[in-house]
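Subject: Structure handover

Hello,

Here is the structure I promised to pass on. Please open it first, then read my notes below.

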Amino acid sequence: MWWTFYILHLYLEQNKVLYSHQYGFRWNHSSTHALIHATELIREACDSGKYASTVYLDLRKAFDTVNHEILFKKLKHYGIGGIENNWFKSFLQGRTQSTKISSYFSSLLTVFYGVPQGSVLGPLLFII
């Protein structure tokens, strides 16, 4: 799985698909870079006599909201179609999940949205 992540990430970086200020889940980008960028924007606004404000959003369960069909269309738009797109479809579609409380399990339900958390590809597919 790591090789798929590596090739996809390299492709997205080389083709400048990802937003330049997307700091999470990218090589050589971190939350520290995001803080530095935000601090600089605020400093520049203050230095030029402008107002500065921020909005912080807590995107809980954000990985669970990725619409698979939209993701597949975006991958195709960025040049990842055909067999490669079908591979991503097979990776995401047909997944099931259940909940465990103590020793009791719920019945399996098919997952129609989201990317696998804890996977190598999940975060990268999320930012696409």
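A crossing of two helices is called left-handed if the near helix is turned anticlockwise from the far one by less than a right angle, and right-handed if clockwise. Keep that in mind for the helix pair below. Please also note that this is a predicted model.

**The helix pair.** Helix α3 spans residues 68-77, and helix α4 spans residues 82-92. The two pack with their axes 10 Å apart, at an angle of about 160°. Angles over 145 degrees count as roughly antiparallel, so α3 is roughly antiparallel to α4. Their crossing is right-handed.

**The surface patch.** Which residues make the nonpolar surface patch? They are W3, Y6, I7 and W27. The patch covers about 430 Å². Y6 sits in helix α1, which runs over residues 2-14. Its relative accessibility is 41%, so Y6 counts as partly exposed.

**Two positive phi values.** Most residues other than glycine have a negative phi. K16 is not a glycine, yet has a positive phi of about 50°. You will find K16 in the loop between α1 and α2, the latter being residues 31-47. Is K16 buried or exposed? It is exposed, because its relative accessible area is 72% and exposed means over 50%.

S102 also has a positive phi, near 55°, and is a residue other than glycine. S102 lies in the loop between β2 (100-101) and β3 (104-105). With a relative accessible area of 60%, S102 is exposed.

Best wishes

Methods:
Residues numbered from 1 in each chain as written. Predicted model: local features only at pLDDT ≥ 70, side-chain atom pairs only at ≥ 80, totals over all residues. Heavy atoms only, no water. Patch = residues over 30% accessible without salt bridge, like charges linked within 9 Å, V, L, I, M, F, W, Y side chains within 5 Å. Areas by Shrake-Rupley, 256 points an atom, 1.4 Å probe, with all protein chains shown as cover. Salt bridge = Lys/Arg side-chain N within 4 Å of Asp/Glu carboxyl O. Helix = DSSP H or I, 4+ residues; strand = E, 2+ residues; numbered from the N terminus. Buried < 20%, exposed > 50% of the residue type's maximum accessible area, 1.4 Å probe, protein only. Axes fitted to C-alpha atoms, helices over the stretch in contact; angles between N-to-C directions. Parallel < 35°, antiparallel > 145°, perpendicular 65-115°, else oblique.
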